[in-house]
Amino acid sequence: MKRETNGRGLLRPLVLGCACMGALGTWGGAWAGGPPLPSGVRGPVTVRVTDGVSDDLLTAGLGKTGLMGAAPAYADPAHPTAGELRRNAIYNNYRALVDITPLGGMGVFYGPNIDIHGQDTLGEGKIAGTETTAWADDGSGRRNVTLMVQVPVSFDPDHACIVTATSSGSRGIYGAIATAGEWGLKHGCAVAYTDKGSGNGYHDLMSGVVTSREGLPMDAATAGTEALFRVRAPADRLAAFNAALPNRVAYKHAHSRLNPEKDWGQNTLSAVRFALYVLNQQYAGSRHFTPANTLVIASSVSNGGGAALAAAEQDTEGLIDAVAVSEPNAQPRPTPGVQIRQGSATVPVTGLPLIDYFTLAALYQPCALLSSRTGLSMDPAFWPAAYTTSAQQRCAGLAERGLVSGDTVAVQADSAWDVLLAHGWTPESAFLQQSHFRLATNAIAVTYANALGRFGALDDLCGYSFANTDASGLPIAQSPTTQAGLFASGNGIPPTSGVNIVYDGSVGGPRLDFLSSSPSTGRADFGLDGALCLRALATGRDAVSGAPLTGDAAAAAARVRAGVAQVQLGARLHGKPTVIVAGRSDSLLPVNHAARAYFARNQRVEPGSPTRYIEVTNGQHFDAFMSYGALLGYDTRFIPLHVYFNAAMDAVWAHLTTGAPLPVSQVVHTVPRASSSTALSGVNVPPISASPAPAAQIVFDGHTLVVPD
């Protein structure tokens with residue numbers, strides 16, 4: 001371990017360097033009289049001081065009870081304040097990441113009231129401290145990556161620590177508040193957040209409304225460098241687009257034309273540098289914090305977990321000491337000769353790039369979900385009968401093109417599921433195919449195709465755009481009141497808060513993707529032609545014939561492939577102690593393409609690496625979906641993976657602070673709850689074993705990763 005001792009000294013009162021109005025102060029570049037901001041970071045720097053009563057870092061003053069209750073109301077919904085938007089953003093982001101129900105574990109296994117020893121001792125769990133925000137940008141305002149540092153009052157300068165909390169998904173700056181944020185604050189660490197340039201920034205192309213860093217509406221024409229995101233296009237082209245496709249909305253992750261994922265690791269490192277800067281300002285004169293005397297754990301989940309791994313790979317300054325992540329979006333470079341075996345079965349395809357397996361899912365999943373092996377839910381509140389008809393017609397369209405076999409829907413659906421299995425999905429993810437197609441697949445396929453290829457909203461890639469829609473699926477203008485709260489309610493990747501995916505190529509004109517019909521079939525089939533287009537972009541080949549693309553289509557596909565090459569990771573972690581957790585049932589980021597594949601490459605390129613892989617049975621990507629009970633059916637099939645994220649963080653912390661050995665790579669076998677009315681117990685979520693039986697250990701023999709059943 002690299003750390004020096006810090007020396008002794010008394011904590012001095014916080015000096016803000018200016019006369020603040022209330023609890024919030026703003027500076028153009030740095031504290032008065034202080035050193036300049038780190039390279040690549042610019043102001044304005046905003047500091048919020050929370051008292052831990054009316055407002056706090058973890059719950060925005062809501063406490064555990066408020067987070068578990070109804071959404072807080074705005075005094076004026078059409079004009080929410082920055083403070084109200086922050087409060088509601090914390091409320092919504094917290095609830096989006098964990099099962100918020102008491103029976104599912106909230107307030108018992110995790111939550112603001114649970115202390116670092118797993119005991120219910122913290123009451124409402126409010127945490128006082130400071131929250132400092134700035135931009136990572138080159139001065140142009142094009143990047144405007146949000147950076148934020150929370151320093152709890154329990155921070156001990158004699159035992160300085162920083163935890164990174166890069167946002168999951170495409171979420172805004174509070175996107176990891178319930179995971180890495182909560183863990184770090186409870187341990188008295190400064191928490192270094194970033195929205196990684198894919199945060200919840202939108203641009204209403206007709207009204208010209210964009211948002212500030214705090215979520216307040218701004219006019220795109222006058223926003224200058226302070227908009228979270230705005231489309232930069234010639235006025236005449238924008239006017240022509242609005243005339244042809246009115247009421248559309250652009251989103252930062254999809255349409256920034258920067259391929260933000262390529263910078264997620266660097267954004268995370270920028271957050272660490274900014275955290276060191278903030279600490280040195282707050283404790284100026286009594287302590288100087290450096291990478292050598294400050295413990296830093298890179299952490300988070302999903303996209304934030306992938307960003308933490310990328311940061312550890314790209315860390316040339318010794319900023320990061322260790323890594324702990326869950327269900328990471330890690331896209332490893334190809335590793336010839338390496339294979340993965342689960343039990344006695346070798347996985348046929350592993351390590352595909354995300355755009356490859358998501359466009360495959362967007363094509364086949366609507367048919368596969370009808371397979372008797374996936375457990376289709378017929379609850380009309382979640383899956384109207386019209387969707388089943390469209391899924392059947394997707395099967396027909398695939399069969400007509402020779403992409404599935406069989407003369408009946410049942411056989412065609414089994415064939416489609418077999419295609420996904422042959423491309424690396426685990427059998428354990430079967431039940432999730434329907435809900436993931438309903439809630440996530442198209443969103444990610446459309447967003448990442450645009451992002452990787454650096455396409456803008458006006459390109460209308462494959463005929464897809466974003467807009468609010470009416471009951472018939474037709475694009476409509478967004479309500480100003482809904483728009484005013486988007487910063488807090490949205491997740492940065494439509495469909496979100498009323499903004500949906502529209503298939504502009506639908507028969508009869510643009511329509512909500514789920515109600516769209518393909519010109520080539522004339523049938524309502526979830527827009528098969530659009531899915532074929534996205535698939536071709538990912539592979540560079542016609543999705544039906546397999547022939548190489550030509551002309552503009554080939555050029556567009558080449559742009560996507562170039563973007564993929566920029567985001568793939570080498571899996572060299574430079575000896576940093578690392579624990580990776582993943583759920584075997586994950587259907588969003590299948591383990592054979594993400595966690596397993598990354599770990600296998602790491603073991604191949606860094607033999608003896610102190611990286612550990614913990615695979616959890618009955619674990620999947622969306623703990624929050626377990627809160628929906630019988631509607632989705634997650635709660636009696638899966639366990640909260642968040643329990644094991646916290647365990648991974650605890651294991652890395654113990655290793656850094658006491659020298660405790662990291663756990664052996666292993667499969668943790670869990671037991672789902674017996675019913676929706678049964679409370680989660682330790683039987684359901686057994687601990688990671690300090691000495692797992694040989695039959696539970698995950699091993700790498702030089703070319704094969706062997707994962708026990």
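Me: Happy to have you along. Where does Pro495 lie?

Reply: Pro495 lies in the loop between α13 (486–489) and β17 (499–503). Helices here are DSSP runs of H or I with at least four residues, strands are E runs with at least two, and both are numbered from the N terminus. Before we go on: this is a predicted model, where local features need pLDDT of at least 70, side-chain atom pairs count only at pLDDT 80 or more, and totals for chains, interfaces and linings use all residues. Residues are numbered from 1 along each chain as its sequence is written, and side-chain values use heavy atoms, with hydrogens and water left out.

Me: What is omega for the bond that joins Pro494 and Pro495?

Reply: Omega is about 10° there, and the peptide bond is cis. The bond from Gly43 to Pro44 is cis too, with omega near 5°, and Pro44 has its place in strand β2 (residues 41–50). These deserve a look because most peptide bonds are trans.

Me: What makes Ser497 count as partly exposed?

Reply: Buried means under 20% relative accessible area, exposed means over 50%, and partly exposed is in between (1.4 Å probe, protein chains only). Ser497 has 25% relative accessibility, so it counts as partly exposed. Ser497 is also in the loop between α13 and β17, and has a positive phi of about 50° although it is not a glycine.

Me: And why is Cys462 called buried?

Reply: Its relative accessibility is 14%, so Cys462 counts as buried. Cys462 sits in the loop between α11 (433–453) and β15 (464–469), with a positive phi near 55°.

Me: Why does Glu131 count as buried?

Reply: Glu131 has 3% relative accessibility, and therefore counts as buried. Glu131 belongs to strand β3 (residues 129–136).

Me: How do you know that the side chains of Glu131 and Gln150 make a polar contact?

Reply: A polar contact is a pair of N or O atoms within 3.5 Å; within protein, one must be able to donate a hydrogen and the other to accept it, and residues adjacent in sequence count only if both atoms are side-chain atoms. The two side chains have such a pair at 2.8 Å.

Me: How many residues does helix α17 have, and how far does α17 reach?

Reply: Helix α17 (residues 642–658) has 17 residues and reaches 24 Å from its first C-alpha to its last, close to the expected 24 Å. The expected span is 1.5 Å times one less than the number of residues. Buried residues of α17 include Val643, Tyr644 and Phe645. Gly659, with a positive phi near 80°, follows the helix.

Me: What makes something a pocket, and which residues lie nearest the centre of the second largest pocket?

Reply: On a 1 Å grid over the protein atoms alone, a pocket is an open set of points with protein on both sides within 12 Å along at least five of seven lines, and lining residues have an atom within 4 Å of a point. The second largest pocket is lined by 22 residues, and nearest its centre are Phe109, Gly118, Val643, Asn646 and Asp650. Helix α17 provides the largest share of this lining, five residues.

Definitions and conventions
1 Å grid on protein atoms, 1.4 Å probe; cavity = no way out; pocket = protein on both sides within 12 Å on 5 of 7 lines; lining within 4 Å.
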